[in-house]
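Open the model in a viewer and keep the selection tool at hand. The stops below go from one region to the next.

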Amino acid sequence: MEYSGEIERVLIDEKQIAQRIGEVAKQIDADCAGKMPIVICILKGSLVFCADLIRAMKTPVTLEFMKVSSYGASTTSSGKLSVSLDILSNIEGKDILIVEDIIDSGHTMYALKEMLKTRRPASLRIVTLLDKPARRVSPVTADYTCFEIEDEFVIGYGLDYAERYRDLPYVGILSRSVYEN
Ligand code: PRP
């Protein structure tokens, strides 16, 4: 992938990502001992992270995919969530691990968590690659966060701008010239 001139700088390189995923995978393994959680990969941004995370974990998992987006503040109900791809399996009584690429305002994760809770899982945990706590509006925190970042325009390692840059192996900061044109 050739994006020279479009990336301002590398924020988190491949080595840092792999090392941190290894650490977080160990924490999840410890917390999930004896269990076989259902990993729910939230498309599209989480695909790359999820692929690396489940291979770094020793815990056996099953894998599901959802595609969701939020539309507005969602602190009072789960009605602000648009689900364009849902899981078909029954999660009642099951241990769930939601894998997200980034929590920004928190609207998406808050609404998703509320919606999944109505399906009565035994447990519901969230792991996120990136967290931008400065941007939080909806009250949600991840159980596992790989990296807390400043409010910067990040792309790569699954994250896009206009569907591009997901294929970068690192998390980078997009040049202003790309989105100000
Ligand atoms: C991104 C990201 C989260 C959400 C975070 O998804 O993957 O789901 O936005 O934002 P929030 O905390 O402000 O709700 P996006 O809708 O861009 O879809 P994508 O993963 O397919 O790129």
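**Start at helix α3**

In this predicted model, select α3 and look at what surrounds it: its buried residues pack against β2, β3 (62-70), β4 (81-85), β5 and β6. The helix itself covers residues 107-117. Show its side chains and pick out the buried ones, which are His-107, Met-109, Tyr-110, Ala-111, Leu-112, Met-115 and Leu-116.

**The largest core**

Next, select Ile-28, Phe-49, Leu-53, Val-127, Leu-129 and Leu-130. These residues have the most contacts inside the largest nonpolar core, a set of 27 residues. Colour the elements that each supply at least two residues of this core: α1 (14-31), β2 (38-43), α2 (47-56), β5 (95-103), β6 (123-131), β7 (144-148) and β9 (171-174). Which of them gives the most? That is α1, with 5 residues.

Now centre the view on Phe-49. Setting aside neighbours within four places in sequence, Phe-49 is in contact with Ile-21, Val-99, Glu-100, Val-127, Thr-128, Leu-129, Cys-146 and Tyr-157. Tyr-110 and Leu-116 were already met as buried residues of α3.

**Backbone stops**

Go to the loop between β2 and α2, where Lys-44 sits. The peptide bond joining Leu-43 and Lys-44 is cis, with omega at about -5 degrees. Most peptide bonds are trans, and most residues other than glycine have a negative phi.

Then move to the loop between β8 (154-155) and β9 and select Ala-162. Although Ala-162 is not a glycine, its phi is positive, at about 50 degrees. Is Ala-162 buried or exposed? Its relative accessibility is 59%, so Ala-162 counts as exposed.

Select Glu-163, also placed in the loop between β8 and β9. Glu-163 is another residue other than glycine with a positive phi, here near 70 degrees. With a relative accessibility of 45%, Glu-163 counts as partly exposed.

**Last stop: confidence**

Finally, colour the model by pLDDT. The protein averages 93, and 94% of the residues score at least 70. Select residues 74-78, where the pLDDT is below 50. Beyond near neighbours in sequence, this stretch has 12 contacts in the model.

Technical notes: Residues numbered from 1 in each chain as written. Predicted model: local features only at pLDDT ≥ 70, side-chain atom pairs only at ≥ 80, totals over all residues. Heavy atoms only, no water. Core = buried A, V, L, I, M, F, W, Y, C linked by side-chain atoms within 4.5 Å. Buried < 20%, exposed > 50% of the residue type's maximum accessible area, 1.4 Å probe, protein only. Helix = DSSP H or I, 4+ residues; strand = E, 2+ residues; numbered from the N terminus. Contact = heavy atoms within 4.5 Å. pLDDT = per-residue confidence, 0-100.
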